[in-house]
Amino acid sequence: MSELIQISDLSKSYGKKEALSSLSLTLESGKVIGLLGPNGSGKTTLIKILCGLLTPTSGHVTIDGKEIGTETKAIVSYLPERTYIPKWMKVKDILDYFEDFYKDFRRSVAEDMLSRLKIDPGTKIKTLSKGNKEKVQLILVMSRDAKLYLLDEPIAGVDPAARDYILDTIVTNYNPDATIIISTHLIQDIERILDDVIMIQYGHLKVFGSADALRSEKGMSIDQLFREVFRC
Amino acid sequence: MLGKLLKHEMIYLIKTFSPLYIVYLILAGVIRLLSLFENQFEDLDTSSSGAITLIVFAGIIGVAYGILTGILALLTMIDNVRRFKNNMFTDEGYLTNTLPVTATEHIAAKLLAGIINYLASVVVILAGLFIASGEEAPSMAKGIWEAITSDSIPLSQKLIGLLLGFMIYVSIQLLGYLLSALGNMVNSCKGLLSFGLGFFSVIFVMIMSARITAFTTSQSLSGEQTILCICAFLLVCCICMYLLIVNIIKKHLNLQ
């Protein structure tokens, strides 16, 4: 396994508010990493910096040895919390869009997943339910053969059956040599798939390590560790 | 990547504006049909409900056609800025800004698509006018052609006039993009900020254009040279606006 992400002394401020403070991490390829923390801890800020939506106030970030830019955007597959597909499009339009801009997009995989969900590619995005829109977005993201997948709260606000579907889709469709970073505060559901864990609070790194090592060292599950670390 | 961006812009424009252009041409056709029966209207008994309905219908069609003729080209410009704002600074920005595409390519694609759609709207308006005017269409076409090819206005002046028109169009579009980008940076009073900055920008350009004209007149420069100076000033404004927009997209994106 090689180093995929290098984060050195990363800070991000919004005016006087510090969202990330001197964060330093090295993340390897081929891992499923849980980015855990309470609301407002800096998880989304870190993910947005990694996918190029925010620039750091200070510090340095590289992905696969490259500065954040168009080259890293080509190898990063990002699932935001929001629905981003333009409402005027049909499902097949967004498939065409992804196929045009991402060389690693596997259209056959996407179409297969859509057909299993019984979503017709001719359907207009604005007629889909909220849950189905989120599933279409997830399918688009996981149908890419990317080096880094950034999933921001993929299971928040969905029913338990949908959560299982989302987690199964993640596990069965990603490139095993790639890294997945899943940001969430719903630990119980994703603990089973995590290799590594990052816990941050108020922009500071609190815990970082292998999930198995943390469980044996602390003698508790990651969910229990989370509750202890972030006890109010 | 610019080609692909432009392709998807054109797909959006065809899906969005084709129905509007078709409706406009149909309205022109209806105007033409109504004008064919103009003589019969004079013999109508205007107290009958059928006649009133027909007159009201003709009036509505005429008003709709007139309004669309006046604003069709303007609508393309407004939609272009609206689309830039939605693509870059709303939820769609999570898709657009994570594409492996530079900010310059995004701006260029939107601008090029806007120019193509603007020219298409002008062609549709002319086609509508030809359809509505019917038998007078050939003489209208001849008149427009003679105005374009006339020797009374030198070719250089026509080209400079086109250049000025192009620079004004690009300046207005880029100003719209810049105001959207600046609005993205604040969390409240976006509309007020955009309106205020837009208003003062227009005033600034008008004052500078007047000063340039006064200067060139004092230096005994020709009208063509004055317009070229104004075009150069607009070019500098466009470059400044472009650099600001790119800087905001790269470093100050504020997607909620």
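This is a predicted model: local features need pLDDT of at least 70, side-chain atom pairs count only at pLDDT 80 or more; totals for chains, interfaces and linings use all residues.

Me: How much space lies in the largest pocket?

Reply: The largest pocket holds about 750 Å³ of space. Its lining has 30 residues, and the closest to the centre are Tyr14(A), Thr44(A), Thr45(A), Lys48(A) and Leu255(B).

Me: OK, and which elements give two or more residues to that lining?

Reply: Those are β1 (3-14), β2 (17-28) and α1 (43-50), in chain A. With four residues, α1(A) gives the most to the lining of the largest pocket.

Me: How does the lining of the largest pocket split by class?

Reply: Nine residues are nonpolar, twelve are polar and nine are charged.

Me: Switching over: how much space is in the second largest pocket?

Reply: About 500 Å³. The second largest pocket has 22 lining residues, and nearest its centre are Leu175(B), Ser201(B), Val205(B), Cys237(B) and Met241(B).

Me: Which elements each supply at least two residues there?

Reply: In chain B, α7 (155-185), α8 (190-218) and α9 (223-251) each do.

Me: And which of them gives the most?

Reply: That's α7(B), with eight residues in the lining of the second largest pocket.

Methods
Residues are numbered from 1 along each chain as its sequence is written. Chains are lettered from A and ligands numbered from 1 in the order in which they are written. Side-chain values use heavy atoms; hydrogens and water are left out. On a 1 Å grid over the protein atoms alone, a cavity is a set of points where a 1.4 Å probe fits but cannot get out, and a pocket is an open set with protein on both sides within 12 Å along at least five of seven lines; lining residues have an atom within 4 Å of a point. Grid points are joined across faces, edges and corners, and a volume is the space filled by probe spheres set on the points. Ala, Val, Leu, Ile, Met, Phe, Trp, Tyr, Cys and Pro count as nonpolar, Asp, Glu, Lys and Arg as charged, and the others, Gly among them, as polar.
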